[in-house]
Amino acid sequence: MRRDFDKMYGRILDLLDISVKTPVIRALAQFWSSDLHCFELPNLDLVPTIEEYTRMTRLPIDDNVGVYSYRGRYVDERKIAKLIGLHPDQLKLEKRGAIQGLRKSFLEDHLEALARRGSWHYFNKTLSLTIYGLVLFPFAPNMVDHAAMGVFAQYETQGLNPVPAILADTLLTLEVCQKKNGGTLKCCTHLLYVWIIIHMYARELHTLFPDPLRDFGRIKVKRQEAREWKKELADIQDNKIAWTCPWYSPYKVIFSCGDFANVPLMGPRGCVAYTLSIALRQLKRTQVKPAEEQLGGICFQYDVPDTSQLLVRVRAAWRNVQRKGDDELGKPRISASQEYNEWRKARGVPEYVLREAPHAEGSSRSSDETLKAMASELERARAQIKQLEEVEEAAEWEIDALKRQCKKKDEQIERLKIQGEEGWRLRTNVQRDKKREWMKRCDDMADCVNYHSIELARRLGEAEDEIDRNPEIQLPPKTARFMRYCQDLARGFGREPKCLM
């Protein structure tokens, strides 16, 4: 079952084995640059790319098939019901404000029912839908909403690749939180977490890291608070980071699309672009200064009016993808051009300063009041941190529960397979024994019939010879009829008797 699931849906099931340390993500998000659409650390620039995400998920983009595209409306619930093996009347949608979706508990119950029936075709589809809603495109707690259903339905029915949509959802959420100066990251934090940890710590693991997700456990990630992670990210030097993930091999990369100078991404809730020139070093290429028109780019949500023309442009752009390889970018080389370094220095990347609580001896009355106010602010901040940690724990519990559910289903599948094989073997043996018994009976009956037919013919022959020797004997009528009956019977057994006169 696992092999069939991976073949159909890539490695998204492996994401359930990743335990995300959310302080890492909270710290990383503070370095997001709205001007450049990348993480602007004090000493280097990073941004997750389509190429890295497709390798992690094992979902390569086929230009002949295409990628997810928002159509201006979400998928019809009847299509979802059909995909997961339900009648439309059985689909129980829940509404939370403007959001509609399927509760996680409803999908779990459906998975259990499918496993009991042995309907693995629909089981895999339902499990995939659940992962799409809770891991790849999370939005409302414990719910798979219409946006996630739409991406799933396009992949399931048309094979449209979801990776650009996953990346769009991630970058757009970072942008929204940056503009709000806070908020909750509602995106696939699992892939973002794996991506940044590998870049931070996998520099010495190139020979031990062939599989992005299944080998991720080789990296020992320490537990620390967001401020500690923020300091560590700020202190990373460009010669200490794993610029290229160990499992990445250079090939032609998506450099731009259509009439866009950069790469426009369309997600289920909005569009955003990123500039590949900034990320070339991550793809075993030389990092070069981007052109002015490549920086930033589109960034909007679908609930903003007057975006229909932009949507048309983005859809059209993905029908004309420009890829670049060795001919355009030169031979693979992990480096940064002098022009890029000068541009980065000239743009004035702000240096990170670790802020600490002020400390003073013999404070005055006014300073006491200031300290009280600061203490009050600190308590409020601690309360917010505690709330975020509770949300983190709840999310980890949900993921663990889903992981246990999958493990339980795998065990049930194995038991049902064993039971099915043993039952079939037992029934086959019983039928084989019955067949042998009846064949033996038929053989015995055939032997008996053959013996008596020979004996009948022999005795009939003796009687006929005796009659021939005594022609003066006149047989009584009944005896004559019996002799004729015996002759007919002998003929039936293939024995030709003499004819009585």
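An open sheet of 3 strands has the order S1-S2-S3 and antiparallel pairing. Strand S1 (32-33) and strand S3 (45-46) are its edges; each has a single partner strand, so one side of each lacks a neighbour in the sheet. Strands here are DSSP runs of E of at least two residues, helices are runs of H or I of at least four residues, and both are numbered from the N terminus. Two strands are taken to pair if DSSP finds at least two bridges between them. Strand S2 (residues 38-40) pairs with S3 in the antiparallel sense over 2 bridges, and Phe-39 has Leu-46 in S3 as its bridge partner.

This is a predicted model, in which local features need pLDDT of at least 70, side-chain atom pairs count only at pLDDT 80 or more, and totals for chains, interfaces and linings use all residues. Residues are numbered from 1 along each chain as its sequence is written, and side-chain values use heavy atoms, with hydrogens and water left out.

**Overall composition**

The protein has 16 helices and 13 strands. Of its 501 residues, 45% count as buried; buried means under 20% relative accessible area, exposed means over 50%, and partly exposed lies in between (1.4 Å probe, protein chains only). The accessible surface is about 28000 Å², and carbon and sulfur atoms account for 51% of that surface. Areas come from the Shrake-Rupley method with a 1.4 Å probe; for residues, only the protein chains shown count as cover. Among contacts (heavy atoms within 4.5 Å) between residues at least 6 apart in sequence, 75% join residues at least 24 apart.

Strand S4 (residues 93-96) and strand S5 (residues 99-103) run antiparallel and are joined by 4 bridges. Leu-93 stands opposite Leu-102 in S5. The two strands form a hairpin with 2 residues between them, and Gly-97 in the turn has a positive phi of about 65 degrees. S5 also pairs with strand S6 (residues 143-145), in the antiparallel sense over 3 bridges; here Gly-101 stands opposite Asp-145 in S6.

Most residues other than glycine have a negative phi. Two loop residues with a positive value are described here. Asn-142 lies in the loop between helix H6 (120-136) and S6, and its phi is near 55 degrees. Lys-284, with phi near 60 degrees, lies in the loop between helix H11 (276-279) and strand S10 (286-287).

**Core and helix packing**

A nonpolar core is a set of buried Ala, Val, Leu, Ile, Met, Phe, Trp, Tyr and Cys residues joined through side-chain atoms within 4.5 Å. The largest such core has 125 residues, of which Ile-50 and Leu-265 touch the most other members. Leaving aside neighbours within four places in sequence, Leu-265 is in contact with residues including Ile-50, Pro-164, Leu-167, Leu-171, Tyr-274 and Trp-318.

In helix H10 (residues 226-235), the residues Ala-226, Trp-229, Glu-232, Leu-233 and Ala-234 are buried. The buried residues of H10 pack against helix H2 (22-29) and helix H9 (189-201).

Trp-247 is found in the loop between H10 and S7. Beyond four places in sequence, its contacts include Glu-52, Arg-55, Met-56, Ile-198 and Phe-209. Trp-247 and Glu-52 are 195 residues apart in sequence, with their C-alpha atoms 9.2 Å apart.

Ser-256 lies in strand S7 (residues 253-257). Not counting residues up to four places away in sequence, Ser-256 touches Ala-261, Asn-262, Val-263, Asn-320, Val-321 and Gln-322.

**Accessibility of individual residues**

Gln-338 lies in helix H14 (residues 338-346). Although 50 residues separate Gln-338 from Val-288 in sequence, the two are 8.3 Å apart, C-alpha to C-alpha.

| Residue | Relative accessible area | Class |
|---|---|---|
| Trp-247 | 8% | buried |
| Ser-256 | 9% | buried |
| Asn-142 | 23% | partly exposed |
| Lys-284 | 25% | partly exposed |
| Gln-338 | 60% | exposed |
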